[in-house]
Amino acid sequence: MLPTFIYERLPSLYLLAAIAIIMLSNQPLLWFAGSLLFIAGAAAWMMRSSYRRTDLIIFPSKRWLQPEWLYEAQPFIWLGLGVVLSQLPAPSALMALVPCLWACRCLWARHHYRRHAHGLIAHLRRDPARRRLHRSLR
């Protein structure tokens with residue numbers, strides 16, 4: 001079993017390794033491998049974040065067009081866009097900084113607001129059936 005310190009940082013390490021592979025390589029096969037590692041890190045981060053979410057997931061009326069999986073994946077889409085833009089020639093590579101900074105801000109906010117929740121009350125808050133019931137009552 002991995003120590004908690006290492007286990008908690010694995011998705012971040014996957015993402016950083018993927019970005020390094022994509023940015024430092026010139027071969028399409030390495031870009032593909034980096035993309036797969038990026039997707040694995042993003043998926044691990046989203047699963048952990050979703051599990052640790054303690055609030056009820058209620059879709060506001062203004063977010064009816066955006067499914068939950070897209071909401072969860074948005075920071076990683078922005079980060080991926082920034083990495084792709086950074087591969088362009090020098091003047092346009094500066095544009096890559098904007099989506100990367102926005103993605104980091106979103107990830108920081110989610111990390112800050114989603115922590116481990118202990119106990120029965122926290123489990124009931126995360127219960128998907130309860131969320132669906134609450135959504136259907138609206």
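**Close-up 1. Cys100 is a buried cysteine of this predicted model.** Its relative accessible area is 18%, where buried means under 20%, exposed over 50% and partly exposed in between (1.4 Å probe, protein chains only). Cys106 counts as buried too, at 14% relative accessibility. The closest cysteine sulfur to that of Cys100 belongs to Cys104 and lies 6.6 Å away, too far for a bond. Cys106 is in no disulfide either, as the sulfur of Cys104, its nearest, is 9.4 Å away. With a disulfide taken as a pair of cysteine sulfur atoms within 2.5 Å, the count comes to 0.

**Close-up 2. Here is the largest nonpolar core, with 13 residues.** Such a core is a set of buried Ala, Val, Leu, Ile, Met, Phe, Trp, Tyr and Cys residues joined through side-chain atoms within 4.5 Å. Leu15, Ile19, Phe38, Trp45, Phe76 and Leu79 have the most contacts inside it. At least two residues come from each of α1 (4–24), α2 (28–52), α3 (68–86) and α5 (97–113), and α1 gives the most, with 4 residues. Helices are DSSP runs (H or I, at least four residues), numbered from the N terminus.

**Close-up 3. Let's look around Phe38.** Beyond its neighbours within four places in sequence, Phe38 is in contact (heavy atoms within 4.5 Å) with Leu15, Ala18, Ile19, Phe76, Leu79 and Gly80.

**Notes.** Residues are numbered from 1 along each chain as its sequence is written, and side-chain values use heavy atoms, leaving out hydrogens and water. In this predicted model, local features need pLDDT of at least 70 and side-chain atom pairs count only at pLDDT 80 or more, while totals for chains, interfaces and linings use all residues.
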